[in-house]
Amino acid sequence: MAETVADFYRSHPLTIYVGSTPKGGYSVYATPLAKHMARHIPGNPEISVEFRGEKAGFVLTNDLFNTMPKDGTVVGAIRAANCVESILNPSPDVRFDCRKLNWVGCVSRQNGTIVTWHSSTAKTFEDCRRREVVVGAESPESNVGTLPNILNGLLGTKFRTIHNYSRDGLRKAMESGEVECICGLGYNTLLAAHSDWLEAKKLNILAHTGLEPDPLMPGVPCTITFAKSEADKNVIRMMDYRQVMGRPYVAPPGVPADRLKALQEAFSKTMADPAFVADAKKNHMLIDPLTPAQMAKVVDDAYKIPQDVAQRTWGLLSNVME
């Protein structure tokens, strides 16, 4: 008899590969997802989480697309930034086409924040255009590494970025005053990993990415409102595709349709699972999911951007990452 989805998953465990470290924001979401999602997959497979490291983004996406099993036993938590960067710079290192990935779901859209420590004299975004503000970042390729210089180039801010902090090191640097700003950290990551900062009002939230005001940050302006020209706004819109997709989960191309559907439906059910929602609340996780169809549309829209916008956006990004 033909093997059913339940038959398959009874004897085949599922692995979620994460393009980050166990202490990153992706970990906060991937671990409880793995804990609860198995109940909603026919056959209830064991689900494990494997972390590939902070700089694993492109490598993980390449592996998902080309070499990892296409039988439904692998899901990747990839960086949305890598999808956008692959569109902007289709280099030989990019061996995947985001339009051909199988989108499983997205736990939450995210808006990147520009925050300073409460003792900093930079209390507004305009303050960051008037004087130098020292920013801490993990690596030049990370969101918090690229956004400061992009804003410098587009909006005239004066961020000076110090790289190569660990996640714990960056926290200590903020608390000690070694750096005064983190630029690009998602608000959902702040909630999940630094809720004590928010609860104690130790941060000034100066602005956030995204194309419209975030109700979770009332009164905080979007960075796009500081752009002076439509050309600058187009670049910011392109950069913000990385935020709209938030934390995407994908399966390789070629996964059998019935198994892919089972994974997508299980993901969707997990987002509404009371036990998962309770864990999310306990861990200060934001649940604001996108469906696979919504994710595919974001990617399709990104592939349709004019070439001049893509070239200018990549010029800003590549200067940051050199």
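Aspartate 279 is buried, with a relative accessible area of 11%. This residue belongs to helix H12, which spans residues 274-282. The model is a predicted one. The side chain of aspartate 279 is joined to that of histidine 36 by a polar contact of 2.8 Å. Apart from residues up to four places away in sequence, aspartate 279 touches Lys35 and His36.

**Helices H2 and H11**

His36 also takes part in a helix packing. Leu33, His36 and Met37 of H2 meet Leu263, Ala266, Phe267, Thr270 and Met271 of H11. How are two packed helices described? The angle between their axes and the distance between the axes are used. Helix H2 covers residues 25-37 and helix H11 residues 257-271; their axes come within 10 Å and cross at roughly 105°. The two helices H2 and H11 are therefore roughly perpendicular to each other, because angles of 65 to 115 degrees are classed that way.

Is aspartate 232 buried or exposed? Its relative accessibility is 11%, so aspartate 232 counts as buried, the limit for buried being under 20%. The side chains of aspartate 232 and arginine 312 are joined by a polar contact of 2.7 Å. With neighbours within four places in sequence left aside, aspartate 232 is in contact with Leu154, Ala227 and Arg312.

Alanine 227 is placed in the loop between strand S9 (203-208) and H10. Alanine 227 counts as buried, at 9% relative accessibility. Not counting residues up to four places away in sequence, alanine 227 touches Leu155, Asp232, Lys233 and Ile236. Leucine 155 is 72 residues away from alanine 227 along the chain, yet their C-alpha atoms are separated by 6.1 Å.

**Aromatic rings**

The count of aromatic pairs comes to five. One of them is formed by phenylalanine 8 and tyrosine 9: the ring centres are 5.0 Å apart and the planes stand at 80°, so this pair is edge-to-face. Phenylalanine 8 is buried at 4% relative accessibility, and tyrosine 9 is buried with a relative accessible area of 1%. Tryptophan 117 and tryptophan 197 form another edge-to-face pair, with 5.2 Å from centre to centre and 75° between the planes. Which elements does this pair tie together? Tryptophan 117 lies in strand S5 (residues 112-117) and tryptophan 197 in helix H9 (residues 195-199), so the pair links parts that are 80 residues apart in sequence. Both tryptophan 117 and tryptophan 197 are buried.

Two arginines lie over aromatic rings, as listed here.

| Arginine | Ring | Distance to ring centre |
|---|---|---|
| Arginine 99 | Tyrosine 303 | 3.9 Å |
| Arginine 259 | Phenylalanine 8 | 3.7 Å |

For arginine 99, the charged end is the part that sits over the ring of tyrosine 303.

**Helix H4**

How many residues of helix H4 are buried? Helix H4, residues 80-88, is mostly covered, with nine of its nine residues buried. Among the buried residues of H4 are Asn82, Glu85 and Ser86, along with Cys83, Val84 and Ile87.

Technical notes: Residues numbered from 1 in each chain as written. Predicted model: local features only at pLDDT ≥ 70, side-chain atom pairs only at ≥ 80, totals over all residues. Heavy atoms only, no water. Buried < 20%, exposed > 50% of the residue type's maximum accessible area, 1.4 Å probe, protein only. Polar contact = N/O pair within 3.5 Å; in protein donor to acceptor, adjacent residues only side chain to side chain. Contact = heavy atoms within 4.5 Å. Phe/Tyr/Trp six-rings, centres within 6.5 Å; stacked < 30°, edge-to-face > 60°. Helix = DSSP H or I, 4+ residues; strand = E, 2+ residues; numbered from the N terminus. Lys NZ or Arg CZ within 6 Å of the ring centre and 35° of its normal. Axes fitted to C-alpha atoms, helices over the stretch in contact; angles between N-to-C directions. Parallel < 35°, antiparallel > 145°, perpendicular 65-115°, else oblique.
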